[in-house]
Structure formats: C-alpha cells, structure tokens
Amino acid sequence: MISKTFNRYIWLLNTLLQQKRLTFEEISYRWKDSYMGDGKPMPLRTFHQHRNAVEELFGVEIKCDPSRGYEYYIESPELLRTDRNRQWLLNSFSISNMIEAGHNMSDRILFEDIPHGTEYLQLIIEAMQQNKELVFDYQSFGGHHDTYHMQPYAMKVYHQRWYVVGDITEIGEIRNLALDRTLELELTDKTFTFPRNFNAKKYYANTIGVYVNDNLKPVKVRIRAYGYQVDYLRSLPLHRTQEEVKCKNKEFSEFEYRLCITPELMSSFLAMGENVEMLEPTELRNEVKRRLISNLERYNHDEKKQDK
C-alpha cells in the first residue's frame, strides 16, 4: 500500500480531472467531506505542497485562473491520457487510493488474479538502468526447464502478465520471457551495450500481444463486427492501426488493421466468437473457419458419446 501522503496527491489530481475547475474553497470543502480530510478543511499551505508534488510525479501542472474567480485546473490533462506510462502510474495509485477508502468493503471490490512475477520488476528495472545481464531460471508451459542469460531491453504487460524482452545468449536472438514462468532471477555484473536501433514500440508495432517474428510482414486484416462488439472495438481498439472503414447502421461495422498474422492475433479474433467475421486476408479467413469447424466437430463428437 502506498503512503497516505501519496494518496492525498492522487485525490487532488483526480478531483480536478473530474471537476475540471475548482476554487481553493471548493477543493477544501470537498477535502473536508472526503475520507482524506477527516472532517477538517485543507490548509492552503498543504494544497500548494500537493500542487508541486503532482507536477513532479506526473508532469502536469495545476494552474490558477484569476480571471475566473481564482479557479484551479489541470493544464494539458491530455498528457495523462496519451502517455501510457503516466496513465499506468495514475491508475495504480488510484486503485491503491480506492482500496484505502474502501478498506471495510473488501468483499465488494473484486480484482482479477494476477500471475506471480511482479516481485522481479524492481530487479529487472535495475538491470535495464545499469545495462546488466540477467540470468533466468525458467520453466515454460511445456514443462521444459532452462537457464537463460538475457540482456534486458524492455518490458511489456499483456493479459495481466509481465514480459521482459531482450537478447538471449542461448538462443542468439531477441525474445520474450514471461515473469510468471520465472522460477529464479539473478542480476549479474556482466554489462552490455544497449543497441541504439532497438525501439520497443517499433518492435511490437505490427503485432498483438508479445509474439514477434522478424520474418513476418504486416498485412491488411479486415473484419466485420456485429452487435455490441462494434461498441467494444470502438471504445477499446484491438490495435493502434484499427480503422473503422464501413458502418451499416446498427447491423454491422467493418474494421481494418495492419498486422502480422500470429497465433495471438488468431486467438484474439476467435475469442470474439460469433460477433466477428474474418473477411481478409483469405488465408486467415480460411484458418479461422477451419478452427471453428474443428471445434464444432469436437462438440458433435462429445454429443455422440453422450448418446451412447
């Protein structure tokens, strides 16, 4: 749990993000009525200390507009919404804030299970900062137990799992390792030179998830979505290249992407079930169709066994 002081910064930031503009008196009044204030108004000195802390932590400034009754507001709030690192930091702190506010409501605030591995994050960040090699004691889902020496380049979260990507000596290529499959992790004294031509965003630019194959080239992928799936895709795009290219009232919408055809791409579309139809490329449409037929045959086979 983060400190109560940090929670106060988050409270101030979220209050101004939600209300847009407030005078100090309005902020102090809300503070007094919140779980943070304990029934006491916010001192002006405390307010200005929190203003400075918010700017230092999140890189956004709380400004004052004297022309409108000395209202305070967040300058450039879009920085928090467009910068994933800042958004992740704010979300993490806000969740901690929420838990503290509702400590007596543990049976009413539910979270997804997160696989283990987060205990290694600090060590990996240290290795990335110092350009030091890591040694992984690693066990894959197939049961294989291996030792890998990795030069860590970057980290990524996908489906609640943390992954670290870097050059692995035993493989001779850049690969991902999942932290939840890591049994032990050791920081070595061996240093490496971070490659100037490596960019994490570019590395994952044409793929969904963490699977990257340099031999695969991005192609145009077109799908047709039905019902509520259209709104889901609009509110949370499957990929940054998503573009809605056709909308036929409430019947369906079609979306296009530029993506490499990977197993994770296939799984993402299959997970949408009957609400999505793969249109192109043809080979991907045929593969989706083959898998759906195979799955249907499995159901039919089970039903025949039950009839016997």
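Reply: A residue is called buried when its relative accessible area is under 20%, exposed when it is over 50%, and partly exposed in between (1.4 Å probe, protein chains only). The model is predicted, so local features need pLDDT of at least 70 and side-chain atom pairs count only at pLDDT 80 or more, while totals for chains, interfaces and linings use all residues. Residues are numbered from 1 along each chain as its sequence is written, and side-chain values use heavy atoms, with hydrogens and water left out.

Start with Thr-182. Its relative accessibility is 0%, so Thr-182 is buried. Thr-182 sits in strand β8, residues 182-191. Strands are DSSP runs of E, at least two residues, and helices are runs of H or I, at least four; both are numbered from the N terminus. Leaving out residues up to four places away in sequence, Thr-182 touches His-116, Tyr-120, Phe-136, Asp-137 and Tyr-138. A contact here means heavy atoms within 4.5 Å.

His-116 turns up again in a cavity lining. A cavity is a set of points on a 1 Å grid over the protein atoms alone, where a 1.4 Å probe fits but cannot get out; lining residues have an atom within 4 Å of a point. Points are joined across faces, edges and corners, and the volume is the space filled by probe spheres set on them. The whole structure has one cavity of 30 Å³ or more. The largest cavity has a volume of about 40 Å³. Its lining includes Ile-114, His-116, Trp-162 and Asp-180.

Now the charged pairs. Side chains of opposite charge can pair when their charged atoms come close. A salt bridge puts a side-chain nitrogen of Lys or Arg within 4 Å of a carboxyl oxygen of Asp or Glu. The count is 18. One of them joins Glu-71 and Arg-21, with the closest N and O atoms 3.6 Å apart. This pair links distant parts of the chain: Glu-71 lies in strand β3 and Arg-21 in strand β1, 50 residues apart. Glu-71 is buried at 15%, whereas Arg-21 is partly exposed at 24%.

Arg-175 and Glu-173 also meet in a salt bridge, 3.0 Å from N to O. Arg-175 is partly exposed at 37%; Glu-173 is partly exposed at 40%.

Asp-231 pairs with Arg-234, closest N and O atoms 3.6 Å apart. They are three residues apart in helix α8 (residues 228-235), so about one helical turn separates them. Finally, a network of salt bridges links Lys-220, Arg-222, Arg-224, Glu-254, Glu-256 and Glu-280.

Notes: 1 Å grid on protein atoms, 1.4 Å probe; cavity = no way out; pocket = protein on both sides within 12 Å on 5 of 7 lines; lining within 4 Å.
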